[in-house]
Amino acid sequence: MKDWTRAISALLLLFIAACNQNSTPGVPGAPASLADPATVTASKEMPTIITVTWSAVSGATSYVVERKTGAGTYTQIAEQTGLSFADLSVGNPNSYTYRVKAKNASATSPGKESSAVTPDAPCFPGNLNSPNTKGCFGKVLNWPLVPTHIGVMPNGTLMGYFGIDRSGETARGNYKNFSFHSRSITALWDPTKGPGTGIGPDQYDGVAFKQINNTHTDLFCSGHVLGPDGKYYTAGGNLGQSTNGSNPGPKNTDIFDPTTNTWNNGPDMTDGRWYPSMITLSSGELLIIGGNSLNDKGDASGNGAVPDTPNVLPEVWDTAAGTMRDLTSATTDPGSATFKYAGGASASSDYWHYYPWVFQDPNKDRQVFMAGSAFPVGFLDTAARGGTGEWNNVQKRQYPGGNFSGQPDVDLWRNYGSAVMYQPGKIIAMGGGYGNPGGETSVFINLSTGNQYTFAAGPSMAYKRTHLMATLLADGQIFVNGGSTDGVNYDITNVVYESELINPNLPNATFRRAAVSQMPRTYHSASVLMPDGTVFTGGGGGCGNGCDVYVPATARDPNHRLPVNQYNAEIYYPPYLFNSDGSLATRPIITSAPGTVSYGQTFTVQTDQPSGNIAKVTFIKLGSATHAFNMGQVFNQLTFTAGSGNQLTVTAPASGTVAPPGYYMLFVINANGVPSAAKMVKIG
């Protein structure tokens with residue numbers, strides 16, 4: 001018996017010893033050494049994007065991604081748990097090699113390399129004129145629909161949609177037929193999967209492009225913004241067009257979840273909306289304002305005495321609670337108790353309810369400033385009067401020269417112009433006017449405490465522009481593109497192909513001529529900043545099959561015939577991505593940054609280069625754009641100190657008034673003005 005017991009004990013000791021040789025103390029079951037991934041693949045997807053994928057390794061809890069350029073040395077650029085990494089910081093068109101290492105708490109594999117990858121030059125032939133000062137446009141990317149509404153998701157994908165169909169053929173029919181206007185075709189594009197293959201109208205490849213339809217609402221002409229929780233919220237949409245031109249909108253709200261790629265219904269609004277604006281407040285609630293009412297006084301046959309009836313009741317959507325709150329003391333109808341000019345007369349007759357330009361006031365919690373696009377400007381306090389709201393200091397827009405009325409040398413009605421808050425409390429409005437004289441002008445608006453604001457004449461653009469887009473870049477400059485000089489909705493004969501740039505922070509700021517696009521971007525186009533620091537710009541037209549015919553773009557080339565409907569997009573590569581010789585610049589890399597920060601928090605950012613090389617850190621909210629206005633973008637330049645080695649200590653924005661809760665792109669910019677790719681950071 002004793003011999004048998006000794007034998008069992010010896011076998012048990014041998015078994016334990018064998019186990020200890022293949023496990024890590026403190027990490028049950030983890031091997032003492034790790035194998036490399038069996039496969040590592042680096043694929044060039046876009047000129048500034050290389051996607052690295054690898055196979056899973058048993059026992060690994062994370063993976064380290066390293067990169068070297070040419071025959072250089074490896075630098076760690078990421079560590080993550082997933083099986084793919086999109087390198088958005090591709091610079092010089094050299095050979096890149098990637099090495100992936102499996103890792104756990106006590107072991108790291110030697111690393112397996114990918115094949116070398118050489119990115120394409122981004123500029124399309126004929127658009128190589130001074131990219132280091134003008135930037136350039138890449139090749140045309142086909143889309144399965146006219147991307148009139150565009151939003152950037154926290155995972156870097158782009159949601160794009162038109163409405164019930166892909167280009168507006170049926171968008172205006174079946175007036176107020178709810179069953180007909182109860183769906184939307186939407187496209188989700190993943191730039192890290194490339195431009196797609198064989199994409200055109202009605203085509204999705206299921207990889208770069210996925211069709212994820214909404215089965216609740218015709219979303220054409222809705223308001224939309226990314227919420228603090230990373231979901232994409234929409235309000236209103238389209239219920240057709242009556243014979244007298246009325247355009248009502250539904251009461252519907254809808255929510256897209258990019259983590260599950262699903263649409264869900266939200267709570268109904270009090271009334272319908274067509275052409276509303278929607279922004280995030282400092283509280284994280286969403287303000288919904290403007291648009292046409294469902295009750296537009298027309299009947300189902302399209303008859304009615306009043307062409308349009310605006311929705312005069314702003315609403316606040318508490319997305320966390322799933323409830324709506326009416327701002328009954330802040331209506332914009334003639335009987336409003338608070339929406340009056342400073343002199344007492346009602347401003348409502350001058351109010352343009354279509355996609356009004358509203359911005360969170362950096363000086364007051366839950367208050368917004370309306371900068372246009374029509375005559376009245378002023379503050380809307382959504383928390384006043386017990387949460388029913390009130391307007392403050394509403395005036396007819398003015399700046400040097402006097403009141404607008406009868407003054408050709410001052411401001412104009414800027415409908416279908418654009419406006420940007422480029423620093424907290426600093427706004428520039430530009431263009432617009434439906435072809436009225438002055439469509440190339442701009443105006444600066446500065447907000448201050450006590451519900452005060454001032455105006456100053458801004459510089460003029462090189463072109464009159466109506467239906468333009470103005471997009472904040474990673475370094476705080478503004479990119480202006482598209483539009484037409486005549487203000488006509490769908491006529492592309494007077495489209496502006498040449499873009500412009502402005503740094504509004506400079507004394508005596510001026511617009512500078514920039515790159516020339518290949519395609520017309522006018523009514524129903526949109527532009528947004530992407531995480532790699534480029535700008536997506538696409539769409540235009542959206543007026544049905546009748547606009548698929550080709551018409552001469554005579555302002556550019558009498559022999560160049562283009563369709564009005566644009567089932568395509570272009571990527572604009574800003575000047576900060578180029579060296580003086582036109583080659584792509586080497587970009588700094590953020591190797592680590594927190595995914596979530598609190599207001600006023602100091603946090604650490606690691607880069608791939610000495611901290612003294614970093615000149616600026618910027619924080620830009622994810623964009624959501626349509627109809628000449630970006631409802632999502634918010635810009636902050638963050639203070640930071642350079643630590644030892646490659647470490648930066650960065651201070652987050654102080655409050656939700658300057659940076660409303662949600663997802664932001666964090667960029668570092670080096671001494672040469674070259675930005676990194678963004679890291680997504682949630683605040684609030």
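**Pockets of the predicted model**

The lining of the largest pocket comprises 15 nonpolar, nine polar and six charged residues. The structure described here is a predicted model. This pocket has a volume of about 740 Å³. Its lining counts 30 residues. Phe85, Ala86, Leu88, Asn155 and Ala678 lie nearest the centre of the largest pocket. Five elements are named as giving two or more residues each to this lining: strand 2 (49–54), strand 4 (75–80), strand 5 (84–87), strand 41 (590–592) and strand 51 (679–683).

The second largest pocket holds about 260 Å³ of space. Its lining is made up of 16 residues. Those nearest its centre are Tyr576, Asn670, Asn672, Gly673 and Val674. At least two lining residues come from strand 44 (614–621), and at least two from strand 50 (662–670). By class, eight residues of this lining are nonpolar, six are polar and two are charged.

Three helices and 51 strands were assigned in the protein. Among contacts with a separation of 6 or more, 61% join residues 24 or more positions apart. The protein exposes about 24,200 Å².

Terms used:
Residues numbered from 1 in each chain as written. Predicted model: local features only at pLDDT ≥ 70, side-chain atom pairs only at ≥ 80, totals over all residues. Heavy atoms only, no water. 1 Å grid on protein atoms, 1.4 Å probe; cavity = no way out; pocket = protein on both sides within 12 Å on 5 of 7 lines; lining within 4 Å. Points joined across faces, edges and corners; volume = space filled by probe spheres on them. Helix = DSSP H or I, 4+ residues; strand = E, 2+ residues; numbered from the N terminus. Nonpolar A, V, L, I, M, F, W, Y, C, P; charged D, E, K, R; others polar. Contact = heavy atoms within 4.5 Å. Areas by Shrake-Rupley, 256 points an atom, 1.4 Å probe, with all protein chains shown as cover.
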